[in-house]
Amino acid sequence: MTTKPGKPLPHLTPTGTCRCGCTKKVGAGSFFAPGHDKVAEAALPAAEYGSSVAQLLHAHGYGPDHSVSARVVSEGAGRKCPSCACVGAPASIANHTKRDHAPTSTEQV
């Protein structure tokens with residue numbers, strides 16, 4: 001289970017209604033109507049932080065001296081690329097490594 005500093009996140013149960021607030025009915029096991037998770041993901045920082053990711057990070061105690069990326073890696077929710085500073089989900093890092101760090105045709109494997 002992912003945790004916030006000092007407390008576990010609550011278990012959420014789908015209710016049959018989209019969690020973005022649009023009131024659309026959704027299928028069993030779904031939290032959002034198609035695409036509405038991305039709408040809500042963009043709306044929250046707009047509503048709470050003036051659409052500024054820097055303000056969002058600051059409000060949660062992250063910044064140049066406290067890396068949110070390092071926390072994601074330390075909690076096992078993400079991985080760091082072995083060749084650069086990129087951080088992401090394991091599958092994203094695997095794709096990134098193949099795409100951005102694969103030997104070129106002039107390099108020998």
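Reply: The model is a predicted one, and the protein exposes about 8300 Å².

Me: In what order do the helices and strands follow one another along the sequence?

Reply: The protein contains four helices and four strands. Read along the sequence, these elements follow the pattern β-β-α-α-α-β-β-α.

Me: What share of the contacts with a separation of 6 or more joins residues 24 or more positions apart?

Reply: A contact here requires heavy atoms within 4.5 Å. Taking the contacts in the protein with a separation of 6 or more, the share that comes from residues 24 or more positions apart is 5%.

Me: Which helix supplies the largest share of the nonpolar patch on the surface?

Reply: The patch is formed by Val68, Val72, Val73 and Val87, which together have about 220 Å² of accessible area. Val68, for instance, is partly exposed at 31% relative accessibility, and a patch residue needs over 30%. The largest share, three residues, comes from residues 68-74, that is, from helix H3.

Me: Is His36 buried or exposed, and which residues does it touch?

Reply: His36 is placed in helix H1, which covers residues 36-49. With a relative accessible area of 16%, which is below the 20% limit, His36 is buried. Leaving aside residues up to four places away in sequence, the residues that His36 touches are Cys18, Cys20, Cys22 and Lys24.

Me: How far does H1 reach from its first C-alpha to its last, and what is the expected value?

Reply: H1 has 14 residues, and its buried residues are His36, Pro45 and Tyr49, with helix H2 (53-59) included in what covers them. At 1.5 Å a residue the expected value is 20 Å, and the reach of H1 from its first C-alpha to its last, close to that expectation, is 20 Å.

Me: Which residues does Val26 touch, and is Val26 buried or exposed?

Reply: Val26 sits in the loop between strand S2 (7-8) and H1, and at 15% relative accessibility it counts as buried. Val26 and Thr15 are 11 residues apart in sequence, with 8.4 Å between their C-alpha atoms. Not counting residues up to four places away in sequence, the residues that Val26 touches are Gly16, Thr17, Cys18, Phe32 and Ala33.

Me: What is the phi of Thr23, and what is that of Ser51?

Reply: Most residues other than glycine have a negative phi. Thr23 lies in the loop between S2 and H1 and is exposed at 59% relative accessible area, while Ser51 lies in the loop between H1 and H2 and is exposed at 54%. Although neither is a glycine, both values are positive: phi of Thr23 is near 75 degrees, and phi of Ser51 is about 65 degrees.

Me: How many salt bridges are there, and which residues form them?

Reply: Lys38 and Glu41 meet through their side chains at 3.2 Å, N to O, and, being three residues apart in helix H1, they are separated by about one helical turn. In the pair of Glu75 with Arg71 the closest N and O atoms are 2.8 Å apart, and in the pair of Asp100 with Arg99 they are 3.1 Å apart. Lys38 is exposed at 53% relative accessibility, Arg99 is exposed at 60%, and Asp100 is partly exposed at 42%. The count of salt bridges comes to three.

Methods:
Residues numbered from 1 in each chain as written. Predicted model: local features only at pLDDT ≥ 70, side-chain atom pairs only at ≥ 80, totals over all residues. Heavy atoms only, no water. Helix = DSSP H or I, 4+ residues; strand = E, 2+ residues; numbered from the N terminus. Areas by Shrake-Rupley, 256 points an atom, 1.4 Å probe, with all protein chains shown as cover. Patch = residues over 30% accessible without salt bridge, like charges linked within 9 Å, V, L, I, M, F, W, Y side chains within 5 Å. Salt bridge = Lys/Arg side-chain N within 4 Å of Asp/Glu carboxyl O. Buried < 20%, exposed > 50% of the residue type's maximum accessible area, 1.4 Å probe, protein only. Expected span 1.5 Å × (residues − 1).
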